Amino acid sequence: MENTGIDVPKGLDKVIVDTTAISSTDAEGELIYRGYHAIELAEKLAYEETAYLVVYGKLPSKDELKEFSGFLSERASLDKKSDSILREISSGRPKIIDSMRSTVSFMHIEEKENDKVLLEIAAKMPRISSDAFRYSRGTDTLPEPDGSLAERFYYLITGKADKKDARYFEKLLVMYMEHEFNASTFALRVAASTLTDPRSAIVAALATIKGPLHGGANSEVLEYMLKAQNRDDARKFMEYKLSRKEKVMGFGHRVYKKVDPRAQFIKKELLELSKAKGRKELYDIAIEMEKEMWERKKIPANLDFYAAIYMYLLGIDEAFYLPIFASSRCFGWTAHYIEQVSNNKLIRPSSRYTGASGLNIRKGKE
Ligand code: CMC
């Protein structure tokens with residue numbers, strides 16, 4: 001049997017599968033959201049303003065922003081039934097991302113229109129993350145806070161109402177928000193292309209982001225980073241991993257082969273944050289690891305590498321690292337769901353069969 005399809009590289013490496021007007025990346029290290037440099041957005045705009053831009057394709061007017069922010073804060077909490085489901089799921093102490101995925105499957109959503117359903121899910125992510133963490137540890141949940149979206153999120157995961165640190169956190173949220181056809185977004189687009197409902201498509205994305213090659217990398221970075229006491233340890237660690245041909249989480253990227261612009265932006269912010277906190281030792285260790293990896297393998301640090309130390313210095317428990325990434329990426333997923341269904345074609349590739357042939361049952365039994 002001949003398969004007349006087109007052979008593409010494994011992992012769809014460098015294959016352009018569709019167009020998108022949401023964001024673009026390039027190998028030289030550029031990241032654009034809806035025509036604007038993502039770094040400039042992080043420096044100048046609030047998290048909710050960038051989310052509006054990513055979802056609706058234009059910067060909001062004052063009134064649009066007010067309405068959008070109002071919607072996100074009104075829908076931030078869970079109804080009683082969803083809350084009791086989350087409490088039940090979390091008692092077994094799963095990873096927060098698993099509680100998030102299960103709660104999204106069950107939770108009550110008032111809205112009917114796709115964009116509103118998706119935004120209602122995004123609005124509840126900080127609350128789900130915070131409560132999943134506290135239920136699993138048997139501690140009290142936190143009251144719904146006031147403030148901007150980033151300030152409320154920062155409070156819910158740290159218990160701290162600190163505007164300065166929340167602003168650092170906000171910049172990271174913007175960096176995590178959108179990244180064209182990354183694995184979780186592609187999974188969501190595959191689901192959306194079957195015309196499944198938006199909630200189910202988010203569940204597919206959450207299941208995909210969990211993997212250590214994607215969103216699960218940031219907590220692994222912190223684990224090895226905290227073991228290094230100084231630059232010498234940093235060099236030895238890299239030497240050990242690379243001599244055994246093991247991957248070091250927080251390095252490498254499918255698109256950015258020279259520089260991940262998000263990592264470099266957060267690295268710059270991290271230097272400022274480290275000085276402000278009087279804790280520059282982790283920054284120095286990170287610089288050494290980055291240098292060592294580049295000299296030996298020419299592989300750049302990715303966003304998760306610097307994000308892990310950044311979140312650590314912001315007092316964020318490692319259990320939240322992936323939930324933070326997923327919560328912010330929810331706005332990117334929202335935009336991609338809308339874009340996919342507005343100009344849909346079922347995503348269904350073919351495969352080349354390499355299994356056995358010509359077997360028959362009687363022969364197989366002999
Ligand atoms: N440590 C050591 N070697 C590496 C690493 C790494 N982190 N990443 C890639 N390599 C090597 C790899 O071993 C291979 O070497 P060789 O050609 O000698 O076999 C070569 O570089 C190409 O690697 P690849 O895995 O085939 O490249 P890819 O484009 O498929 O990989 C990646 C992209 C992100 C899966 C990979 O770099 C990786 O596994 N990194 C660690 C996990 C990680 O940090 N993920 C977070 C990515 S950024 C956040 C996000 O968007 O999810």
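Visitor: What does the backbone of Leu-213 lie 3.0 Å from?
Guide: A nitrogen atom of the ligand, reached by a backbone N or O atom of Leu-213. Phe-251 also has a backbone N or O atom by a ligand nitrogen, at 2.8 Å. This is a predicted model, where local features need pLDDT of at least 70, side-chain atom pairs count only at pLDDT 80 or more, and totals for chains, interfaces and linings use all residues. Residues are numbered from 1 along each chain as its sequence is written, and side-chain values use heavy atoms, with hydrogens and water left out.

Visitor: Which side chain has an N or O atom 2.9 Å from a ligand oxygen?
Guide: That's Arg-254. The protein covers 70% of the 930 Å² of accessible area that the ligand has on its own (Shrake-Rupley method, 1.4 Å probe; for residues, only the protein chains shown count as cover).

Visitor: Switching to salt bridges. How many are there in the whole structure?
Guide: A search finds 35, each being a side-chain nitrogen of Lys or Arg within 4 Å of a carboxyl oxygen of Asp or Glu. Side chains of opposite charge can pair when their charged atoms come close.

Visitor: Which residue does Arg-189 meet in one?
Guide: Glu-339, at 2.8 Å from N to O. This pair links distant parts of the chain, 150 residues apart: Arg-189 sits in helix α9 (residues 183-193) and Glu-339 in helix α16. Helices here are DSSP runs of H or I, at least four residues, strands are E runs of at least two, and both are numbered from the N terminus.

Visitor: Are those two buried or exposed?
Guide: Both Arg-189 and Glu-339 are buried. Buried means under 20% relative accessible area, exposed means over 50%, and partly exposed is in between (1.4 Å probe, protein chains only).

Visitor: What about Lys-44, which residue does its side chain meet?
Guide: Glu-40, again in a salt bridge, at 2.8 Å from N to O. They're four residues apart in helix α1 (residues 38-44), so about one helical turn separates them. Lys-44 is exposed at 60% relative accessible area, while Glu-40 is partly exposed at 35%.

Visitor: Which residues are linked in a network of salt bridges?
Guide: Arg-231, Asp-232, Arg-235, Lys-236, Glu-288 and Lys-291.

Visitor: OK, Asp-7. What's the salt-bridge partner there?
Guide: Arg-352, with the closest N and O atoms 2.9 Å apart. Asp-7 is in the segment before β1 and Arg-352 in the loop between α16 (321-342) and α17 (361-365), 345 residues apart. Asp-7 counts as exposed at 58%, and Arg-352 as partly exposed at 42% relative accessibility.

Visitor: Where is Ile-6 found?
Guide: In the segment before β1 (23-26). Ile-6 is exposed, with a relative accessible area of 78%.

Visitor: Now Thr-25. Where does that lie?
Guide: In strand β1, and Thr-25 counts as buried at 16% relative accessibility.

Visitor: Which side chain does Thr-25 join by a polar contact?
Guide: The side chain of Glu-180, at 2.4 Å. A polar contact is a pair of N or O atoms within 3.5 Å; within protein, one must be able to donate a hydrogen and the other to accept it, and residues adjacent in sequence count only if both atoms are side-chain atoms.
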